[in-house]
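Here are some friendly notes to read alongside the model. Take them one at a time, with the picture open beside you.

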Amino acid sequence: MKRKSRREFFSTAAAGAAALAATGRAGLFSASPRATETLAVLGGAPVRTKPFPSWPVVKENDEKSWADVLRIGRWCRLDGSYATRFEKAWAEALGAKYCLATASGTTALLTSLNALDIAPGDEVLVPPYTFVATVNVVFMQHALPVFVDTDRETFQMDAGKLEAAITPRTRCILPVHLGGSPADLDTILAVAKAHNLTVLEDACQAHLAEWKHQKVSTIGDLGCFSFQASKNLNSGEGGAILTNNQELIERCRSFYNNGRGAGTYWASYVRNGCNHRMTEFQAALLLAQMSRLQAQSELRTQNAEYLTRQLREIPGITPARMYEGTTRNAYHLYMFRYDASRFQGLPRERFLKALEAEGIPCSYGYTPLNKEPFVENTLKSRGFQKIYTEQELASYRERNHCPENDRLCGEAVWMYQTMLLGTKQDMDQIAEAIRKIQKSAGELARS
Ligand SMILES: Cc1ncc(COP(=O)(O)O)c(C=O)c1O
């Protein structure tokens, strides 16, 4: 099965079901009672033909906000007011003292690592089950991302394995709240404290998620968000850094603004820096989109919990578990593990194809990131060869094993946040489609 990127997924999630409707099977929508026993992938009627909710949601306030920036003509945040207003609103929504709006989640992470002074020779503990940006930014500092294996039950970094990964070079832990579900922050913070390490939370997928009633991103030293088009809060591209630490936010602000100092002349520079500023257009959209975030988040939670109750009853389907400290999951992804042995040996790729044919968009998600060619190619690059000895790189390679993550990458199934913005009946149809496939899994496996 061809791997589908998140971006492709979003354009096909709605379009796929719409296409089915256009083939003349539209009358079968709400199809559940009428769906035949024959799997759609084998020529039967699909469980579902109606598209899931489309994304982004655009209302009058988005148009007004965006057009206002256009008309005012102050499109850069250095002249305008929208980015500042968004920073204030987002910090307030999360209960943080400071927020800095950036061009993307990647640039938010990169700016944060600069503020934390992560440098060549340092090691940063990262999960292998994440989007590549989490790891790329560490390499961009010419530091080494040390992969800590995954807890298969939760899909998160296994915090119980952090201690074993620490060396005298370790400077920072970079946990990801994958899929919107918080990583085990109690253990992460305790290990960081014991070893004098900083914590940078990658909350790029975790808008409004909470650990013990505190918003993630505000618990470590710094936390980062993405507002890229697929995210639960979306401005096409965009990002933010959150912290309660004034010194750190000033370092971030300086780095992301070409190294300018606070309140200094525009052509006066206090450090090396870059331009990672958010535009006024992005900020205007975010302020408008934020008006719906809370209600959308509540709906996702209701639907996800309802779906989990159903999927738990299906042998071979195991929804991702949350850690006890989780008081709110943002459900950017709905993730579960698929056990082919309970589906008469039907390989996951064929299960996914069958599910798509039933009108349920899905994906197998990440590949083992620590084994992707970019890791070895970076280690072999001129810069890294200059900084690290052969012995140091050999030791790094030896430590780069994540067997649990390898296993998870072979059994994971994802569905996306927009699907959770639908109705209970939509959730029923997801469960119904899986049960239907399970019933005929033997026939499908043999076909
Ligand atoms: C976990 C994680 N980290 C970092 C990023 C990078 O964010 P962006 O795409 O906004 O640069 C993303 C977004 O795709 C992400 O999902």
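1. Strands here are DSSP runs of E at least two residues long, numbered from the N terminus, and two of them pair if DSSP finds at least two bridges between them. Keep in mind that you are looking at a predicted model.

2. Now widen the view. An open sheet of three strands runs in the order β9-β8-β13, with antiparallel pairing. Its edge strands are β9 (214–215) and β13 (326–328), each of which pairs on one side only. As background, strands of a sheet pair through backbone hydrogen bonds, either parallel or antiparallel.

3. Next, the rings. There are 19 aromatic pairs in the structure. In one of them, Tyr129 and Trp414 have ring centres 6.5 Å apart and planes at 85°, so this pair is edge-to-face. The two residues are 285 apart in the chain: Tyr129 is in the loop between β2 (123–126) and α5 (133–140), and Trp414 is in strand β15 (residues 412–416).

4. Are these two buried or exposed? Tyr129 has a relative accessibility of 1%, so it counts as buried. Trp414, at 2%, is buried too.

5. Compare Phe384 and Tyr388: their ring centres are 5.6 Å apart and their planes at 25°, so the pair is stacked. Both Phe384 and Tyr388 are buried.

6. Finally, ring pairs join Tyr129, Phe155, Tyr366, Trp414 and Tyr416 into a cluster.

Technical notes:
Residues numbered from 1 in each chain as written. Predicted model: local features only at pLDDT ≥ 70, side-chain atom pairs only at ≥ 80, totals over all residues. Heavy atoms only, no water. Helix = DSSP H or I, 4+ residues; strand = E, 2+ residues; numbered from the N terminus. Phe/Tyr/Trp six-rings, centres within 6.5 Å; stacked < 30°, edge-to-face > 60°. Buried < 20%, exposed > 50% of the residue type's maximum accessible area, 1.4 Å probe, protein only.
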